[in-house]
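The following note collects comments on the structure under review.

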Amino acid sequence: GQGRSHAIRLAEEGADIIAVDVCEDYATVGYGMATEADLAETVKAVEALDRRIIATKADVRDASALKAAVDAGVAELGHLDIVSANAGIFSFGTMEELDETQWQDMIDVNLTGVWHAAKAAIPHLRAAGGGSMILTSSTAGLQALPNIGHYSAAKHGVVGLMRTLALELAPDMIRVNS
């Protein structure tokens, strides 16, 4: 729901949208993820606002698929001004209880997926002469919380990624926040 919310709000402000979603469930996540029907609903909502949207089923863990989706969207829409790196999953477990797959899925989606989004977007933001990149983090990225150590570790990483990208991209007029 957060991705749809962001897409609709940005469309209300006049933005065209490049939307990417995995549209699949993860075995390590205890709730249903968005579906292709959900992504189609987002497309309809954005188009109802008379905005263009390029929606692609892709996994943020797959850097080449994400880059292809961003590149295709920019080719169709003309440029990129704003990036909302919002993909994320959530689950519970003490650090002792977590298995390797729970840990890896969390890090791969919530941290590496954000890096993949940034990496795919940077050349397009530079070509546009600047822009804004928003990396979704959490209060768990600023303080430790029990039973979500894998989530907290990923979100702490997102904050560090944001700080580094902000320093590296400021000369290019690209603002980076989380």
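1. Glu12 is partly exposed, since its relative accessibility is 46%. The coordinates discussed here and below belong to a predicted model. Arg9 is likewise assigned to the partly exposed class, at 48% relative accessibility.

2. Glu12 and Arg9 form a salt bridge, with 3.2 Å between the closest N and O atoms. Why can these two side chains be described as about one helical turn apart? Both belong to helix 1 (residues 2-12), and because 3 residues separate them, the spacing corresponds to about one turn. In general, an α-helix has 3.6 residues a turn, so residues three or four places apart point the same way.

3. A second salt bridge pairs Asp16 with Arg51, the closest N and O atoms lying 3.0 Å apart. This pair links distant parts of the chain, 35 residues apart. Asp16 sits in the loop between helix 1 and strand 1 (17-21), whereas Arg51 sits in the loop between helix 2 (36-47) and strand 2 (53-57). Asp16 is partly exposed at 25% relative accessibility, and Arg51 is partly exposed with a relative accessible area of 26%.

4. Lys57 and Glu36 also meet through their side chains in a salt bridge, at 3.7 Å from N to O. Lys57 is located in strand 2 and Glu36 in helix 2, so this contact ties together parts that are 21 residues apart in sequence. Lys57 counts as partly exposed, with 41% relative accessibility.

5. How many salt bridges does the count come to? The count comes to 12 salt bridges, among them the pairs Glu12 with Arg9 and Asp16 with Arg51.

6. Helix 4 covers residues 100-127, a run of 28 residues. From its first C-alpha to its last, helix 4 reaches 40 Å, close to the 40 Å expected at 1.5 Å a residue. Where does helix 4 bend? The bend, of about 35°, is at Ala121, and a proline, Pro123, follows within four residues.

7. At its start, a side-chain oxygen of Asp99 comes to within 3.0 Å of the backbone nitrogen of Thr101. After helix 4 comes Gly129, which has a positive phi, near 90°.

Note on methods. Residues numbered from 1 in each chain as written. Predicted model: local features only at pLDDT ≥ 70, side-chain atom pairs only at ≥ 80, totals over all residues. Heavy atoms only, no water. Expected span 1.5 Å × (residues − 1). Bend = angle between axes of the 7 residues up to and from the residue. Polar contact = N/O pair within 3.5 Å; in protein donor to acceptor, adjacent residues only side chain to side chain. Salt bridge = Lys/Arg side-chain N within 4 Å of Asp/Glu carboxyl O. Buried < 20%, exposed > 50% of the residue type's maximum accessible area, 1.4 Å probe, protein only.
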